[in-house]
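This note sets out a few points for a colleague who is meeting the structure for the first time.

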Amino acid sequence: MASIGCRMARPHIQVIVAGDRVPECLRGALASTHATSSFMTLGNALHAEALQHAAAVVLVLPDAVGPLSGPLRILFDRLEGAPRATLLITSSGRPVPTLRHPPSVPVTDGSNLDEAALGSRLAALLSMRKSLHTLHTGLVANRRTGEHIAQRYMRQLRLASQVQRGFLPTSLPQLPGLQFDALFRPVDYVSGDIYDVHRLDEEHVAIALADATGHGISAALLTVYIKRALRGKEIHGGRYRILPPDEVLQGLNRDIQDAELSDCSFVAAVYGVLNTRTRSLALARGGTPYPLLRSANGKLSTVTSAGSVVGVMPHPHFEVAYLQLEPGDSLVLYSDGLERMVLPEYVQDGVPAGLRRAAARITGWNRTAIAAAERSATQPVAALSAPVLAAAGSGGSHTATQARPRPHTNGDRGGQVFSASAAEQVGRLRPKRTTDVLHSNWARTLEREGCHAALAQLAGRQKALRRLGFPLDDLTVVTLQIDD
């Protein structure tokens, strides 16, 4: 008999009194149900375990609930952890004040109900307990599953990061009279950027930098594909041929189109072949910003050559620029992530006035953030928290930082390149820069102090902008310096 009585235990209604009295109609309604009931104050309800054993909750409120906003918020937070159907009623019988509560806690208004209607409402609340328990149990299980999936995804990201970094050069070529440096800073575990500097034979070195569209693991794994596709040497039997830069980019273009990669619409890439004996360089670019050439006297200029992004057109043309580098000259290749860090000003043509005003506010904030980063990025290279520069004398290194999604702002003549579908979507909302990297404050540092100081400034600036919450792109810079 005891076990039967346990199975037939009566449900319990917990009445929490936050008002000055309990309405008589509520007492009569409670007596009409088959449930037990008990009363406690709001203060006691915040510290007691009685809510866990209640099948339903009745909250008696004063007419003015403002002074009780804090305790009521705590009460609803507790009910969210163990949802119970809750009835709100006032001591005076007046309409119930509006209360904010979690959506998982079903709350009903008991004002203007007589004793019989109130009893029926309480019976309905009691019948909800089993359904609420089932829903809450499922919600908790889903939340735990989501946490497990998130943890598994983070493990996959770390694995993808390790795979990608395995394809980056562990050291840069060490050759007499030449110095290669590299700065590699993704904004997440993985990056859409990749670079490479390696020897093709005793007299030739290949220099490559690519930026794949898209984000996350798919873009990162695509960079691995790009690295393998940038083949600079063709071997036939016992002989080989050094491929010219335009032919290398055409081969990459062909491979991307043949692969029909759904997650990548195009790739921006620049590829060069340096003759280490004559110091002559052949360079072709497809969609990347124009490389910067710093002469021995500090004068900066752009290396201009025509070339659309890679992977879009079936038979693209990549113009080859030929440079004769002299002692003291330096060459800087970079992805478009550098532009976001050093160019705060953009204007919009044909944009509605409201958007122009918003853009002006964003531009002002960008200018302030970059100025703050410039002030804080004054520490010497040795003071940086991690090795940033990959120098020939030290064998080279690269660093990565973690953190969020980015628009692809890249293009010919330093402008912006869109695919046909993207152009249709943005219409006239095409950003147009009012300046370029060549005229930025960072370029002045490159002119006056050279590549090493310019890379150190970029590393410090990126760190400062990240602290400010500035939206950054993946940043990759590769430099070549001819020693005096």
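1. At 23% relative accessibility, Glu447 counts as partly exposed. Its salt-bridge partner is Arg444, with 2.9 Å between the closest N and O atoms. Arg444 is likewise partly exposed, its relative accessible area being 24%. Please bear in mind that the model is a predicted one.

2. The placement of this pair deserves a remark. Arg444 and Glu447 both belong to helix α12 (residues 441–449), and because they are three residues apart, about one helical turn separates them. In general, an α-helix has 3.6 residues a turn, so residues three or four places apart point the same way.

3. Salt bridges with shared partners also occur: Glu234, Arg241 and Glu247 are joined by them into one network. The structure as a whole holds eight salt bridges.

4. A further salt bridge brings together the side chains of Arg231 and Asp255, at 3.2 Å from N to O. This pair links distant parts of the chain, the two residues being 24 residues apart. Arg231 lies in the loop between α7 (216–229) and β9 (233–236), whereas Asp255 is part of helix α8 (residues 245–259).

5. Asp255, at 16%, counts as buried, since the cut-off for a buried residue is under 20% relative accessible area.

6. Glu202 and Arg199 form another salt bridge, in which the closest N and O atoms are 3.5 Å apart. Glu202 is exposed, with a relative accessible area of 65%, while Arg199, at 41%, is partly exposed.

7. The remaining points concern helix α5, which comprises residues 115–127, 13 residues in number. From its first C-alpha to its last the helix reaches 19 Å, close to the 18 Å expected at 1.5 Å a residue.

8. Which residues of α5 are buried? They are Leu118, Gly119, Leu122, Leu125 and Leu126. These residues lie on the same side of α5, because the arc they cover around the axis is only 120°. The face turned away from this buried side carries Ala116 and Ser127, which are exposed.

Notes
Residues numbered from 1 in each chain as written. Predicted model: local features only at pLDDT ≥ 70, side-chain atom pairs only at ≥ 80, totals over all residues. Heavy atoms only, no water. Helix = DSSP H or I, 4+ residues; strand = E, 2+ residues; numbered from the N terminus. Expected span 1.5 Å × (residues − 1). Buried < 20%, exposed > 50% of the residue type's maximum accessible area, 1.4 Å probe, protein only. Arc of directions from axis to C-beta. Salt bridge = Lys/Arg side-chain N within 4 Å of Asp/Glu carboxyl O.
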